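Thanks for coming. Please look at the model on the screen while I go through its contacts and its helices.

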Amino acid sequence: MKSLRHRLAAVWHFYRDSFRNMTWGRPLVWLILLKFFILFAILRVFFFKPTLAGLSDEERSRVVGERLVSPPADPPTENTYNL
């Protein structure tokens, strides 16, 4: 366990020191954080609404089971792969 902690700390120090020594290090970190915020917060709120919200555990398991077992609602009528 100690070696895993040591390795994680070494990786953390490597990236921390690398970003400190870069001229674009801080703006790059902020750009990455902004990207994660946009991907996980804004897109989730507006496009990926939870479909099972408000259902009990039994209702959730029934809905998930039906969706796993049932065929797709609109199967393709022709071969969509152009080989």
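A salt bridge here is a side-chain nitrogen of Lys or Arg within 4 Å of a carboxyl oxygen of Asp or Glu. Before I apply that, a word on where the values come from. This is a predicted model, so local features need pLDDT of at least 70 and side-chain atom pairs count only at pLDDT 80 or more, while totals for chains, interfaces and linings use all residues. Residues are numbered from 1 along each chain as its sequence is written, and side-chain values use heavy atoms, with hydrogens and water left out.

How many salt bridges does the rule give? The count is two. In one of them, Arg-62 pairs with Glu-66, with 3.2 Å between the closest N and O atoms. Both residues sit in helix α3, residues 57-69, four residues apart, or about one turn of the helix.

Arg-62 is partly exposed at 45% relative accessible area, and Glu-66 is partly exposed at 43%. On that scale, buried means under 20%, exposed over 50%, and partly exposed in between, using a 1.4 Å probe and protein chains only.

Arg-16 and Asp-17 also form a salt bridge, at 3.5 Å between the closest N and O atoms. Arg-16 is partly exposed at 28%, and so is Asp-17 at 34%.

Now the rings. Rings of Phe, Tyr and Trp (its six-membered ring) pair if their centres lie within 6.5 Å; planes under 30 degrees apart are stacked, over 60 edge-to-face, and the rest tilted. The structure has two such aromatic pairs. Phe-14 and Tyr-15 are edge-to-face because their planes stand at 75°, with the ring centres 5.3 Å apart. Phe-14 is exposed at 52%, whereas Tyr-15 is partly exposed at 46%. Phe-36 and Phe-40 are stacked, with 5.9 Å between centres and 20° between planes. They are about one helical turn apart because they lie four residues from each other in helix α2, residues 25-46.

That helix has a kink of about 30°, centred on Ile-38; the bend at a residue is the angle between axes fitted to the seven residues ending there and the seven starting there.

Finally, the whole chain. It has three helices and zero strands, and 2% of its 83 residues count as buried.

Notes:
Helix = DSSP H or I, 4+ residues; strand = E, 2+ residues; numbered from the N terminus.
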